[in-house]
Amino acid sequence: MSEIPALSTAPTTAWARIREDVQTIFERDPAARSIWDILLAYPGFHALQLYRVSHWLWTHGFLTLGRFISHVGRFLTGIEIHPGATIGRRFFIDHGMAVVIGETAEIGDDVTIYQGVTLGGTSTHPGKRHPTIGDSVQIFSGAKVLGPITVGRHSRIGAGSVLVMSVPDHSTVVGIPGKVVRTGGLRHTETGKAVIDLDSSDLPDPVTRALGALLERIEVLEKRLGESTAAPASEPAPPILRKASGEDH
Ligand SMILES: CC(C)(COP(=O)(O)OP(=O)(O)OC[C@H]1O[C@@H](n2cnc3c(N)ncnc32)[C@H](O)[C@@H]1OP(=O)(O)O)[C@@H](O)C(=O)NCCC(=O)NCCS
């Protein structure tokens, strides 16, 4: 495999950006074997280069030409990126086909998305109507992220999910509508409470174990407390109270 040295400084030229894009694909796709693979056979790479041209045209007032270049990119790659969208560094679209990125979408650095992902709008309002995607987010195949919502940094949106509300950093979202099932190392229970997942295949450290046990214990105690405060008033008072009130003789 041809090696491209990692860039230590921010790329300032178009050529440096292209080198960074190639390096990004090497880092995130084990199937990439050579530079020629990437230059010739990665639609995500081609779509990104054409997006850069269309975005430049769009932001310099050549709106129709920007749209046209975007359309050419869609025709060649099956990836539709509106020229008005804002995309950060080291963005990678794997496989491509049927990706749609709307006009007011904002994408941070180091984001990866797969085929069939939509960053779409939910209204015809001309203002901000597409999602904002934080740094280092992964959006898996077929996921739809809809509306002017924010996906927190380092989050993962599961394959086939439909996400319509904002989620915090480090979330894992699955399902329709998309629900947060993990935040960082914490698994979310049916009630929405976060507990540390000790069933994970990662080796748990003792502190995590202790915290997990504490959180589960708190949940049990809260449940008991809720039950006892909801108990009917007619229940007999404990013996000590009965004595004080003179009930016991
Ligand atoms: C979102 C994802 C990254 C989560 O991975 P993870 O952190 O290892 O999570 P887990 O596998 O432990 O799953 C957590 C829970 O969500 C469920 N789940 C995971 N992915 C799901 C999905 N896409 N849709 C619905 N439920 C899903 C699991 O069944 C599990 O439920 P449980 O707690 O009731 O058992 C992963 O499941 C996923 O969707 N990967 C997609 C990969 C992909 O698109 N590859 C294509 C490359 S071309």
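Is Leu65 buried, partly exposed or exposed? Before I answer, please keep in mind that this is a predicted model, in which local features need pLDDT of at least 70 and side-chain atom pairs count only at pLDDT 80 or more, whereas totals for chains, interfaces and linings use all residues. Residues are numbered from 1 along each chain as its sequence is written, and side-chain values use heavy atoms, with hydrogens and water left out.

Leu65 is partly exposed, with a relative accessible area of 44%, where buried means under 20%, exposed over 50% and partly exposed in between, for a 1.4 Å probe and protein chains only. Leu65 is found in helix H4, helices being DSSP runs of H or I with at least four residues, and strands runs of E with at least two, numbered from the N terminus. Its C-alpha atom is separated by 7.4 Å from that of Ser54, 11 residues apart along the chain.

Turning to the helix pair, H3 and H4 (residues 63-77) pack at about 175° with their axes 7 Å apart, the axes being lines fitted to C-alpha atoms over the stretch in contact, and angles running from 0 to 180 degrees between N-to-C directions. H3 and H4 are therefore roughly antiparallel to each other, a label for angles over 145 degrees.

Methods: Parallel < 35°, antiparallel > 145°, perpendicular 65-115°, else oblique.
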